Amino acid sequence: MRGLRVSCLLLALLAGMASTVLAEGFALNEWSARGVSLAGGMVGRADDVSALAYNAAGITQLPGAHVMGGLAFIAPIGTIIAETGGTEHGTTTKPAVWLAPHGYASYQLNDNVWLGLGVFSRFGVGNSYDGSWTGRYNIYDVGLQTVSFVPTLAYKINDVFSVSLGVEALYASVYMGSKIPTLTGGPVWDNDLQVEGQGWGVGAHLGLHMRLNDQWSVGLAYKSQVTLNINGDADFGWQGDNLLTRAAHLPDARNCSANATVQLPDSLALGIAYKPLDNLSFEVGTVWTRWSTYNALNVYFDSGYGSISNKEWRDGWNFNASVEYKPLDWWSLRAGFSYETPVLNEDHADFMMPTNGRTTLSVGTGVRWNDWTFDFAYAHLWINPTDYDSTDAAGIRNNIFNGGVTGGHSENVVANIYMFSVGYTF
(Lines give C-alpha, C1' and ligand atoms only; values in the text may rest on other atoms or scores of the structure.)
Protein backbone atom coordinates (compact mmCIF):
# COMPACT_ATOMS: atom_id res chain seq x y z
CA MET A 1 0.00 0.00 0.00
CA ARG A 2 2.93 2.36 0.64
CA GLY A 3 3.93 1.80 -2.97
CA LEU A 4 0.49 2.80 -4.21
CA ARG A 5 0.49 6.00 -2.13
CA VAL A 6 3.90 6.97 -3.51
CA SER A 7 2.66 6.16 -7.02
CA CYS A 8 -0.44 8.35 -6.71
CA LEU A 9 1.66 11.30 -5.51
CA LEU A 10 4.11 10.85 -8.40
CA LEU A 11 1.32 10.69 -10.97
CA ALA A 12 -0.39 13.77 -9.57
CA LEU A 13 2.83 15.78 -9.85
CA LEU A 14 3.41 14.63 -13.41
CA ALA A 15 -0.15 15.47 -14.44
CA GLY A 16 0.42 19.06 -13.41
CA MET A 17 3.42 19.31 -15.77
CA ALA A 18 1.71 18.17 -18.98
CA SER A 19 2.76 20.20 -22.01
CA THR A 20 2.72 20.10 -25.79
CA VAL A 21 4.79 18.57 -28.56
CA LEU A 22 4.97 18.33 -32.33
CA ALA A 23 3.52 15.18 -33.85
CA GLU A 24 2.17 13.74 -37.10
CA GLY A 25 -1.43 14.76 -37.02
CA PHE A 26 -1.40 15.55 -33.34
CA ALA A 27 -1.40 12.04 -31.88
CA LEU A 28 1.51 11.23 -29.58
CA ASN A 29 3.36 8.05 -28.64
CA GLU A 30 6.16 9.46 -26.47
CA TRP A 31 5.00 7.49 -23.43
CA SER A 32 8.28 6.16 -21.98
CA ALA A 33 11.99 6.37 -22.76
CA ARG A 34 12.14 2.66 -23.50
CA GLY A 35 9.07 2.93 -25.73
CA VAL A 36 10.53 5.87 -27.67
CA SER A 37 13.89 4.14 -28.20
CA LEU A 38 11.94 1.12 -29.53
CA ALA A 39 9.82 3.35 -31.85
CA GLY A 40 6.67 2.33 -29.98
CA GLY A 41 7.52 -1.38 -30.05
CA MET A 42 5.88 -2.08 -26.69
CA VAL A 43 2.54 -3.51 -27.84
CA GLY A 44 3.80 -7.07 -28.23
CA ARG A 45 6.52 -6.86 -25.57
CA ALA A 46 4.38 -4.97 -23.00
CA ASP A 47 6.72 -6.14 -20.23
CA ASP A 48 7.22 -3.04 -18.10
CA VAL A 49 4.76 -0.74 -16.37
CA SER A 50 4.62 1.70 -19.30
CA ALA A 51 2.53 -1.01 -20.97
CA LEU A 52 -0.34 0.88 -19.33
CA ALA A 53 -0.02 3.31 -22.26
CA TYR A 54 0.97 0.91 -25.05
CA ASN A 55 -0.97 -2.29 -24.19
CA ALA A 56 -2.18 -2.52 -20.60
CA ALA A 57 -2.93 -6.25 -20.79
CA GLY A 58 0.83 -6.79 -20.56
CA ILE A 59 1.03 -5.68 -16.92
CA THR A 60 -0.01 -9.23 -15.95
CA GLN A 61 3.67 -10.05 -16.61
CA LEU A 62 4.69 -7.83 -13.66
CA PRO A 63 4.55 -9.38 -10.17
CA GLY A 64 4.11 -7.11 -7.17
CA ALA A 65 3.97 -3.30 -7.44
CA HIS A 66 5.75 -1.11 -10.00
CA VAL A 67 6.02 2.62 -10.63
CA MET A 68 7.62 4.68 -13.38
CA GLY A 69 7.89 8.37 -14.17
CA GLY A 70 9.82 10.46 -16.62
CA LEU A 71 10.03 13.38 -18.98
CA ALA A 72 10.63 14.08 -22.67
CA PHE A 73 12.33 17.21 -23.99
CA ILE A 74 11.10 17.80 -27.53
CA ALA A 75 12.64 20.44 -29.80
CA PRO A 76 10.84 20.94 -33.14
CA ILE A 77 11.72 23.50 -35.80
CA GLY A 78 10.69 24.15 -39.38
CA THR A 79 10.26 26.78 -42.10
CA ILE A 80 7.24 27.87 -44.12
CA ILE A 81 7.73 29.47 -47.52
CA ALA A 82 4.67 31.59 -48.32
CA GLU A 83 4.16 33.38 -51.64
CA THR A 84 2.29 36.70 -51.73
CA GLY A 85 2.19 39.10 -54.66
CA GLY A 86 4.66 36.95 -56.57
CA THR A 87 7.26 37.17 -53.78
CA GLU A 88 8.29 34.32 -51.49
CA HIS A 89 8.65 34.93 -47.76
CA GLY A 90 10.36 32.40 -45.51
CA THR A 91 9.46 32.15 -41.82
CA THR A 92 10.97 29.74 -39.30
CA THR A 93 9.05 28.66 -36.22
CA LYS A 94 10.30 30.12 -32.97
CA PRO A 95 12.78 27.81 -31.18
CA ALA A 96 11.10 25.98 -28.34
CA VAL A 97 11.55 22.95 -26.11
CA TRP A 98 8.30 21.27 -25.08
CA LEU A 99 8.02 18.99 -22.05
CA ALA A 100 6.00 15.77 -22.10
CA PRO A 101 5.85 13.89 -18.77
CA HIS A 102 4.54 10.41 -18.08
CA GLY A 103 3.79 8.35 -14.98
CA TYR A 104 2.54 4.81 -14.27
CA ALA A 105 1.75 2.50 -11.37
CA SER A 106 0.66 -1.16 -11.31
CA TYR A 107 -0.24 -3.50 -8.46
CA GLN A 108 -0.86 -7.26 -8.51
CA LEU A 109 -4.02 -7.92 -6.51
CA ASN A 110 -3.94 -11.73 -6.79
CA ASP A 111 -2.90 -14.47 -9.21
CA ASN A 112 -5.32 -13.25 -11.88
CA VAL A 113 -6.05 -9.56 -11.29
CA TRP A 114 -3.84 -6.47 -11.69
CA LEU A 115 -4.70 -2.81 -11.09
CA GLY A 116 -3.00 0.07 -12.88
CA LEU A 117 -3.05 3.81 -13.34
CA GLY A 118 -1.45 5.68 -16.22
CA VAL A 119 -1.02 9.42 -16.69
CA PHE A 120 0.26 10.44 -20.11
CA SER A 121 -0.59 12.57 -23.15
CA ARG A 122 -2.30 11.08 -26.22
CA PHE A 123 -2.55 14.32 -28.19
CA GLY A 124 -0.67 17.58 -28.36
CA VAL A 125 0.77 20.21 -30.66
CA GLY A 126 2.65 23.47 -30.28
CA ASN A 127 3.81 26.00 -32.85
CA SER A 128 4.68 29.68 -32.67
CA TYR A 129 5.55 32.23 -35.36
CA ASP A 130 6.44 35.90 -35.27
CA GLY A 131 3.32 38.04 -34.85
CA SER A 132 4.04 39.96 -38.07
CA TRP A 133 4.73 36.95 -40.29
CA THR A 134 3.02 36.47 -43.67
CA GLY A 135 0.53 33.87 -42.44
CA ARG A 136 -0.54 35.74 -39.30
CA TYR A 137 -4.16 36.04 -40.48
CA ASN A 138 -4.37 32.25 -40.29
CA ILE A 139 -2.33 31.57 -37.14
CA TYR A 140 0.75 32.82 -35.34
CA ASP A 141 0.51 30.90 -32.07
CA VAL A 142 -1.16 27.59 -31.22
CA GLY A 143 -0.98 25.01 -28.46
CA LEU A 144 -2.99 21.93 -27.58
CA GLN A 145 -2.15 20.32 -24.25
CA THR A 146 -3.80 17.08 -23.11
CA VAL A 147 -3.35 14.70 -20.22
CA SER A 148 -5.11 11.35 -19.92
CA PHE A 149 -5.88 9.65 -16.60
CA VAL A 150 -6.45 5.95 -17.24
CA PRO A 151 -7.31 3.66 -14.29
CA THR A 152 -7.03 0.10 -15.59
CA LEU A 153 -8.05 -3.44 -14.67
CA ALA A 154 -6.06 -6.31 -16.22
CA TYR A 155 -7.06 -9.96 -15.97
CA LYS A 156 -4.87 -12.99 -16.64
CA ILE A 157 -7.13 -15.64 -18.16
CA ASN A 158 -4.41 -18.32 -18.33
CA ASP A 159 -0.70 -18.57 -19.09
CA VAL A 160 -1.33 -17.43 -22.69
CA PHE A 161 -4.12 -14.84 -22.68
CA SER A 162 -4.49 -11.59 -20.73
CA VAL A 163 -7.00 -8.79 -21.26
CA SER A 164 -7.41 -5.27 -19.92
CA LEU A 165 -9.99 -2.51 -19.67
CA GLY A 166 -9.21 1.11 -18.90
CA VAL A 167 -11.45 4.16 -18.53
CA GLU A 168 -9.88 7.34 -19.88
CA ALA A 169 -10.58 10.81 -18.53
CA LEU A 170 -8.88 13.24 -20.91
CA TYR A 171 -8.32 16.89 -19.98
CA ALA A 172 -7.43 19.37 -22.72
CA SER A 173 -6.29 22.98 -22.75
CA VAL A 174 -6.02 24.88 -26.04
CA TYR A 175 -4.95 28.34 -27.10
CA MET A 176 -4.79 29.97 -30.55
CA GLY A 177 -3.62 33.38 -31.65
CA SER A 178 -4.23 35.05 -35.01
CA LYS A 179 -4.44 38.52 -36.49
CA ILE A 180 -7.54 40.15 -37.99
CA PRO A 181 -7.12 42.96 -40.55
CA THR A 182 -9.15 45.89 -39.26
CA LEU A 183 -10.31 49.02 -41.15
CA THR A 184 -11.34 52.10 -39.15
CA GLY A 185 -11.66 54.66 -41.92
CA GLY A 186 -7.91 54.91 -42.44
CA PRO A 187 -5.15 52.37 -43.11
CA VAL A 188 -5.60 48.67 -42.40
CA TRP A 189 -4.01 47.53 -39.15
CA ASP A 190 -3.83 44.18 -37.37
CA ASN A 191 -6.25 43.42 -34.59
CA ASP A 192 -5.15 40.61 -32.26
CA LEU A 193 -7.40 37.65 -31.45
CA GLN A 194 -6.52 35.21 -28.66
CA VAL A 195 -8.76 32.22 -27.93
CA GLU A 196 -8.23 30.03 -24.87
CA GLY A 197 -10.33 27.16 -23.56
CA GLN A 198 -10.41 23.94 -21.56
CA GLY A 199 -12.52 20.82 -21.61
CA TRP A 200 -12.87 17.15 -20.71
CA GLY A 201 -13.64 14.00 -22.65
CA VAL A 202 -14.15 10.34 -21.75
CA GLY A 203 -13.00 7.22 -23.59
CA ALA A 204 -12.00 3.58 -23.13
CA HIS A 205 -8.84 1.50 -23.63
CA LEU A 206 -8.95 -2.23 -24.42
CA GLY A 207 -5.95 -4.55 -24.47
CA LEU A 208 -5.15 -8.15 -25.38
CA HIS A 209 -1.80 -9.82 -24.82
CA MET A 210 -0.96 -13.35 -25.96
CA ARG A 211 2.23 -14.97 -24.68
CA LEU A 212 2.29 -17.89 -27.11
CA ASN A 213 5.55 -19.35 -25.74
CA ASP A 214 8.90 -18.17 -24.41
CA GLN A 215 9.79 -16.74 -27.81
CA TRP A 216 6.63 -15.30 -29.37
CA SER A 217 4.09 -12.81 -28.04
CA VAL A 218 1.36 -10.77 -29.74
CA GLY A 219 -0.44 -7.67 -28.54
CA LEU A 220 -3.53 -5.75 -29.60
CA ALA A 221 -4.55 -2.40 -28.11
CA TYR A 222 -7.57 -0.24 -28.90
CA LYS A 223 -8.08 3.35 -27.75
CA SER A 224 -11.55 4.77 -28.36
CA GLN A 225 -12.64 8.09 -29.79
CA VAL A 226 -12.91 10.99 -27.37
CA THR A 227 -15.27 13.91 -27.91
CA LEU A 228 -13.91 17.13 -26.42
CA ASN A 229 -16.26 19.98 -25.56
CA ILE A 230 -14.04 23.05 -25.20
CA ASN A 231 -15.32 26.19 -23.47
CA GLY A 232 -13.32 29.36 -23.03
CA ASP A 233 -12.89 33.00 -23.92
CA ALA A 234 -12.00 35.13 -26.93
CA ASP A 235 -9.91 38.22 -26.29
CA PHE A 236 -9.75 40.84 -29.04
CA GLY A 237 -6.90 43.33 -28.91
CA TRP A 238 -9.25 46.14 -29.87
CA GLN A 239 -12.78 46.79 -28.60
CA GLY A 240 -15.77 48.42 -30.24
CA ASP A 241 -17.40 49.00 -33.60
CA ASN A 242 -15.45 49.57 -36.80
CA LEU A 243 -16.24 50.32 -40.43
CA LEU A 244 -15.17 46.89 -41.63
CA THR A 245 -17.54 44.93 -39.41
CA ARG A 246 -20.43 47.33 -40.04
CA ALA A 247 -19.93 47.23 -43.81
CA ALA A 248 -19.88 43.43 -43.73
CA HIS A 249 -22.89 43.33 -41.36
CA LEU A 250 -20.83 41.49 -38.77
CA PRO A 251 -21.07 41.94 -34.97
CA ASP A 252 -18.60 44.03 -33.02
CA ALA A 253 -15.13 42.65 -32.30
CA ARG A 254 -15.53 42.43 -28.55
CA ASN A 255 -14.37 40.05 -25.83
CA CYS A 256 -16.79 37.18 -25.34
CA SER A 257 -17.13 33.49 -24.57
CA ALA A 258 -16.21 30.87 -27.15
CA ASN A 259 -16.77 27.15 -27.61
CA ALA A 260 -15.72 24.30 -29.87
CA THR A 261 -16.26 20.56 -30.20
CA VAL A 262 -13.33 18.41 -31.31
CA GLN A 263 -13.57 14.72 -32.21
CA LEU A 264 -10.31 12.98 -31.30
CA PRO A 265 -9.75 9.76 -33.26
CA ASP A 266 -9.67 6.17 -32.12
CA SER A 267 -6.71 3.89 -32.85
CA LEU A 268 -5.85 0.20 -33.07
CA ALA A 269 -2.30 -1.09 -32.51
CA LEU A 270 -0.81 -4.50 -33.31
CA GLY A 271 2.62 -5.71 -32.17
CA ILE A 272 4.38 -9.05 -32.77
CA ALA A 273 7.43 -9.68 -30.59
CA TYR A 274 10.06 -12.39 -31.08
CA LYS A 275 12.67 -13.29 -28.47
CA PRO A 276 15.13 -15.82 -29.90
CA LEU A 277 17.51 -15.43 -26.93
CA ASP A 278 17.03 -14.38 -23.33
CA ASN A 279 18.99 -11.19 -24.03
CA LEU A 280 17.66 -10.36 -27.52
CA SER A 281 14.19 -9.37 -28.75
CA PHE A 282 12.60 -7.94 -31.88
CA GLU A 283 9.20 -6.42 -32.56
CA VAL A 284 7.32 -5.28 -35.63
CA GLY A 285 4.03 -3.48 -35.40
CA THR A 286 1.52 -1.09 -36.87
CA VAL A 287 -0.92 1.49 -35.53
CA TRP A 288 -4.04 2.55 -37.43
CA THR A 289 -5.54 5.91 -36.44
CA ARG A 290 -8.96 6.95 -37.73
CA TRP A 291 -8.19 10.58 -38.53
CA SER A 292 -11.14 10.68 -40.96
CA THR A 293 -13.27 11.56 -37.91
CA TYR A 294 -11.43 14.91 -37.76
CA ASN A 295 -13.60 16.80 -40.26
CA ALA A 296 -13.39 20.35 -38.96
CA LEU A 297 -12.17 22.64 -36.21
CA ASN A 298 -14.88 25.25 -35.77
CA VAL A 299 -14.81 27.87 -33.01
CA TYR A 300 -18.01 29.77 -32.24
CA PHE A 301 -18.13 33.12 -30.40
CA ASP A 302 -21.07 34.39 -28.38
CA SER A 303 -20.75 37.72 -30.18
CA GLY A 304 -21.69 36.05 -33.47
CA TYR A 305 -18.24 35.54 -34.95
CA GLY A 306 -17.24 32.09 -36.07
CA SER A 307 -13.95 30.54 -37.15
CA ILE A 308 -14.74 27.74 -39.61
CA SER A 309 -11.84 25.44 -40.57
CA ASN A 310 -12.45 22.38 -42.70
CA LYS A 311 -10.00 19.51 -42.16
CA GLU A 312 -11.28 16.30 -43.79
CA TRP A 313 -8.16 14.34 -42.90
CA ARG A 314 -7.56 10.75 -44.00
CA ASP A 315 -6.88 7.71 -41.82
CA GLY A 316 -3.22 7.18 -40.94
CA TRP A 317 -0.86 4.25 -40.43
CA ASN A 318 2.30 3.92 -38.36
CA PHE A 319 4.70 1.06 -39.20
CA ASN A 320 7.49 0.31 -36.74
CA ALA A 321 10.32 -2.13 -36.10
CA SER A 322 12.71 -2.39 -33.15
CA VAL A 323 15.45 -4.42 -31.50
CA GLU A 324 16.60 -4.70 -27.89
CA TYR A 325 19.85 -6.36 -26.83
CA LYS A 326 21.26 -6.90 -23.34
CA PRO A 327 25.05 -7.33 -23.43
CA LEU A 328 24.92 -7.62 -19.63
CA ASP A 329 22.14 -8.59 -17.23
CA TRP A 330 21.88 -5.00 -16.01
CA TRP A 331 22.43 -3.15 -19.30
CA SER A 332 20.17 -2.84 -22.38
CA LEU A 333 20.76 -1.34 -25.83
CA ARG A 334 17.81 -0.40 -28.06
CA ALA A 335 17.03 0.95 -31.52
CA GLY A 336 13.88 1.55 -33.53
CA PHE A 337 12.47 2.83 -36.82
CA SER A 338 8.99 4.04 -37.72
CA TYR A 339 7.20 5.57 -40.67
CA GLU A 340 3.87 7.39 -40.47
CA THR A 341 1.70 7.97 -43.53
CA PRO A 342 0.38 11.47 -44.33
CA VAL A 343 -3.05 12.30 -42.92
CA LEU A 344 -3.38 15.99 -43.88
CA ASN A 345 -5.78 17.07 -46.64
CA GLU A 346 -3.74 19.70 -48.48
CA ASP A 347 -6.92 21.22 -49.99
CA HIS A 348 -7.58 22.56 -46.47
CA ALA A 349 -4.00 22.77 -45.14
CA ASP A 350 -3.31 25.53 -42.63
CA PHE A 351 -0.25 26.71 -40.73
CA MET A 352 -1.31 25.13 -37.43
CA MET A 353 0.61 21.90 -38.13
CA PRO A 354 3.08 21.91 -41.06
CA THR A 355 3.35 18.12 -41.07
CA ASN A 356 2.46 15.58 -43.73
CA GLY A 357 3.88 12.21 -42.66
CA ARG A 358 7.15 11.54 -40.88
CA THR A 359 10.04 9.12 -40.47
CA THR A 360 11.69 8.44 -37.10
CA LEU A 361 14.98 6.84 -36.08
CA SER A 362 15.57 6.23 -32.38
CA VAL A 363 18.19 4.77 -30.06
CA GLY A 364 18.37 4.26 -26.33
CA THR A 365 19.84 2.47 -23.38
CA GLY A 366 18.70 1.27 -19.98
CA VAL A 367 20.32 0.09 -16.76
CA ARG A 368 18.98 -1.82 -13.79
CA TRP A 369 20.35 -1.23 -10.29
CA ASN A 370 18.75 -3.33 -7.55
CA ASP A 371 15.04 -2.40 -7.68
CA TRP A 372 15.62 0.66 -9.86
CA THR A 373 15.58 1.09 -13.64
CA PHE A 374 16.94 4.09 -15.56
CA ASP A 375 16.11 4.45 -19.26
CA PHE A 376 17.28 7.05 -21.77
CA ALA A 377 16.26 7.66 -25.38
CA TYR A 378 17.01 9.90 -28.34
CA ALA A 379 14.85 10.15 -31.47
CA HIS A 380 15.15 12.23 -34.62
CA LEU A 381 12.06 12.98 -36.73
CA TRP A 382 12.04 13.98 -40.39
CA ILE A 383 8.72 15.64 -41.26
CA ASN A 384 7.45 15.54 -44.86
CA PRO A 385 6.75 18.95 -46.46
CA THR A 386 3.24 20.35 -46.77
CA ASP A 387 2.06 22.08 -49.96
CA TYR A 388 -0.14 25.20 -49.74
CA ASP A 389 -0.74 25.79 -53.46
CA SER A 390 -4.35 24.54 -53.38
CA THR A 391 -5.49 25.27 -49.85
CA ASP A 392 -8.71 27.15 -49.13
CA ALA A 393 -7.96 27.64 -45.42
CA ALA A 394 -9.30 30.81 -43.84
CA GLY A 395 -6.72 33.57 -43.46
CA ILE A 396 -4.48 32.13 -46.17
CA ARG A 397 -5.94 32.06 -49.68
CA ASN A 398 -8.98 34.26 -49.05
CA ASN A 399 -7.47 37.27 -47.31
CA ILE A 400 -8.34 40.37 -49.34
CA PHE A 401 -5.97 42.76 -47.58
CA ASN A 402 -2.63 41.22 -48.49
CA GLY A 403 -3.84 39.51 -51.67
CA GLY A 404 -3.81 36.17 -49.92
CA VAL A 405 -1.07 33.58 -49.83
CA THR A 406 -1.06 32.34 -53.40
CA GLY A 407 1.23 29.37 -52.80
CA GLY A 408 3.96 27.94 -50.67
CA HIS A 409 5.19 24.94 -48.75
CA SER A 410 6.90 23.87 -45.55
CA GLU A 411 10.49 22.67 -45.56
CA ASN A 412 13.25 21.45 -43.23
CA VAL A 413 10.74 20.48 -40.54
CA VAL A 414 12.45 18.24 -37.97
CA ALA A 415 12.29 17.43 -34.28
CA ASN A 416 14.74 16.03 -31.73
CA ILE A 417 13.49 14.13 -28.69
CA TYR A 418 15.54 13.55 -25.54
CA MET A 419 13.83 11.42 -22.92
CA PHE A 420 14.36 9.64 -19.60
CA SER A 421 12.29 7.34 -17.40
CA VAL A 422 12.94 6.13 -13.85
CA GLY A 423 11.22 3.03 -12.48
CA TYR A 424 11.04 1.26 -9.15
CA THR A 425 9.78 -2.19 -8.10
CA PHE A 426 8.34 -2.61 -4.61
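This is a predicted model: local features need pLDDT of at least 70, side-chain atom pairs count only at pLDDT 80 or more; totals for chains, interfaces and linings use all residues.
A: A cavity is a set of grid points where a 1.4 Å probe fits but cannot get out.

Q: How many cavities of 30 Å³ or more does the structure hold?

A: There are 11 of them. The largest cavity has a volume of about 410 Å³.

Q: Which residues lie nearest the centre of the largest cavity?

A: Ala27, Leu28, Asn29, Val287 and Thr289 do, out of 28 residues that line the cavity.

Q: Which element gives the most to this lining?

A: Strand β16 does, with four residues. At least two residues each come from α3 (51-54), β9, β12, β13 (280-289) and β16 (316-328).

Q: Take serine 267: where is its place in the chain?

A: Serine 267 belongs to strand β12, which covers residues 267-277.

Q: Is serine 267 buried or exposed, and why?

A: Buried means under 20% relative accessible area. Serine 267 has a value of 12%, so it is buried.

Q: Which residues are in contact with serine 267, leaving aside neighbours within four places in sequence?

A: The contacts are Arg122, Ala221, Tyr222, Lys223, Val287, Trp288 and Thr289. Two of these, Val287 and Thr289, were named above among the residues nearest the centre of the largest cavity.

Q: Now the surface: which residues form the nonpolar patch?

A: The patch is made of Leu212, Trp216, Leu220, Leu268, Leu270, Ile272 and Val284, and together they have about 560 Å² of accessible area. The largest share, three residues, is that of β12.

Q: How many salt bridges does the structure hold?

A: It holds 12. In one of them the side chains of arginine 34 and glutamate 324 meet at 2.9 Å, N to O. This pair links distant parts of the chain, with arginine 34 in helix α2 (residues 33-37) and glutamate 324 in strand β16, 290 residues apart.

Q: Are arginine 34 and glutamate 324 buried or exposed?

A: Arginine 34 is buried because its relative accessible area is 7%. Glutamate 324, at 6%, also counts as buried.

Q: Which residues are linked with this pair in a network of salt bridges?

A: The network joins Arg34 and Glu324 with Asp47, Asp48, Arg334 and Asp375.

Q: What of the salt bridge between glutamate 283 and arginine 45?

A: Their side chains meet at 3.8 Å, N to O. Glutamate 283 sits in strand β13 and arginine 45 in the loop between α2 and α3, 238 residues apart. Glutamate 283 has 1% relative accessibility, so it counts as buried. Arginine 45, at 5%, is buried too.

Q: Which residue forms a salt bridge with aspartate 266?

A: The partner is arginine 290, and the closest N and O atoms are 2.8 Å apart. Aspartate 266 is in the loop between β11 (256-264) and β12, and arginine 290 is in the loop between β13 and β14 (299-301), 24 residues apart.

Conventions:
Residues are numbered from 1 along each chain as its sequence is written. Side-chain values use heavy atoms; hydrogens and water are left out. Buried means under 20% relative accessible area, exposed over 50%, partly exposed in between (1.4 Å probe, protein chains only). Contact means heavy atoms within 4.5 Å. Patches are made of residues with over 30% relative accessible area and no salt bridge: like charges are joined within 9 Å, nonpolar side chains (Val, Leu, Ile, Met, Phe, Trp, Tyr) within 5 Å. Accessible areas come from the Shrake-Rupley method with a 1.4 Å probe; for residues, only the protein chains shown count as cover. A salt bridge is a side-chain nitrogen of Lys or Arg within 4 Å of a carboxyl oxygen of Asp or Glu. On a 1 Å grid over the protein atoms alone, a cavity is a set of points where a 1.4 Å probe fits but cannot get out, and a pocket is an open set with protein on both sides within 12 Å along at least five of seven lines; lining residues have an atom within 4 Å of a point. Grid points are joined across faces, edges and corners, and a volume is the space filled by probe spheres set on the points.
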